[in-house]
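Try each task yourself before you read the solution.

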Amino acid sequence: MWPDAQQVQKLLNRAKAGDAAALDDLLAQCRDPLKRTVDLRLDRQLARREDASDIVQKVLFDAHRRIQEYLSDPKMPFHLWLRHMAKDRIIDTHRRHQGAARRSLDREQAAGPALDDASSIQLVAQLVDQELTPASAAIQKELQQKLQSVLTELDETDREIILMRYYEQLSNQEIAAALDLTEAAASMRHLRALRRLKDAFAPQ
C-alpha cells in the first residue's frame, strides 16, 4: 500500500522547505508499492532480463532529480506521479529489449506478468460461484492461470483498471486521475472489464 496521504503531504512540505531527509524518507516508503506497480507490468520474458528493482531505482532517482518540478506544480498526487514515471521507464525498457530478441519477447508477452497470488485469489473469488467450485490448490492454480490469460485479452485501459483496483488497491478517483478519465468513465470501464472477466468464468 502507498503511504498515507497526510503523511505524504507532511513529508512533501518538509522537502519543499529544504529538508532533504524528508524526501529520502518519502521515497523509501514508496519503494515497495512502486516495485509492485513495476512487477505487475513486466512480462515474464523481460523480467528475466531486467530486474524490477533496477527500474524502481531509476524511477526514484528521477523523482529525486525532478522533485522541485513536482513541488512547484503538483498536478496529481505524489504516488500517481511516481507511477507515471514508472510507466515511462517500463515502456523504455520494453523498447530497448525488443530489437534482435523481438520475436521471443513478443511470444512471451501474451503470457503477461506474474500476478500476485493473494490478489488473484481474491479477484477469482468474485468471479466464480464458490459453492460450485472446489477449493483445492490445483483448482485455485488453474483459475489463477485462466485469470491471467483473460486479462491479457482485455483492452489495455480495461486491464490497467483491473490491475490498479485489485492488485494496487487504488481508488476509483486515483484510477481516473492516473488514466486521465472522468471518475464516471473510470467506474463504467471497471464495471465493463469486471463483466468480461465474469463472463469468461461463467459455467459453459
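Predicted model: local features only at pLDDT ≥ 70, side-chain atom pairs only at ≥ 80, totals over all residues.

**Exercise 1.** Find out whether Glu-69 is buried, partly exposed or exposed.

Step 1: Glu-69 has a relative accessibility of 47%, so it counts as partly exposed.
Step 2: Residues are numbered from 1 along each chain as its sequence is written, and side-chain values use heavy atoms, with hydrogens and water left out.

**Exercise 2.** Which residue forms a salt bridge with Glu-69, and where do the two lie?

Step 1: A salt bridge here is a side-chain nitrogen of Lys or Arg within 4 Å of a carboxyl oxygen of Asp or Glu. Side chains of opposite charge can pair when their charged atoms come close.
Step 2: The partner is Arg-66, with the closest N and O atoms 3.1 Å apart.
Step 3: Both sit in helix α4 (residues 52-72), three residues apart, or about one turn of the helix. Helices are DSSP runs of H or I with at least four residues, numbered from the N terminus.
Step 4: Arg-66 has a relative accessible area of 26%, so Arg-66 is partly exposed too.

**Exercise 3.** Work out which parts of the chain the salt bridge between Arg-189 and Asp-155 links.

Step 1: Check the distance: the closest N and O atoms are 2.7 Å apart.
Step 2: Place the residues: Arg-189 is in helix α11 (residues 183-201), and Asp-155 is in the loop between α8 (137-153) and α9. They're 34 residues apart, so the pair links distant parts of the chain.
Step 3: Look at accessibility: Arg-189 is partly exposed at 22%, and Asp-155 is partly exposed at 36%.

**Exercise 4.** Are Arg-41 and Glu-160 buried or exposed, and what do they tie together?

Step 1: Their side chains meet in a salt bridge (2.9 Å, N to O).
Step 2: Arg-41 lies in the loop between α2 and α3 and Glu-160 in helix α9 (residues 156-167), so this pair ties together parts 119 residues apart in sequence.
Step 3: Both residues are buried.
Step 4: Widen the view: Arg-41 and Glu-160 belong to a salt-bridge network with Arg-83 and Glu-168. Searching the whole structure turns up 12 salt bridges.

Note on methods: Buried < 20%, exposed > 50% of the residue type's maximum accessible area, 1.4 Å probe, protein only.
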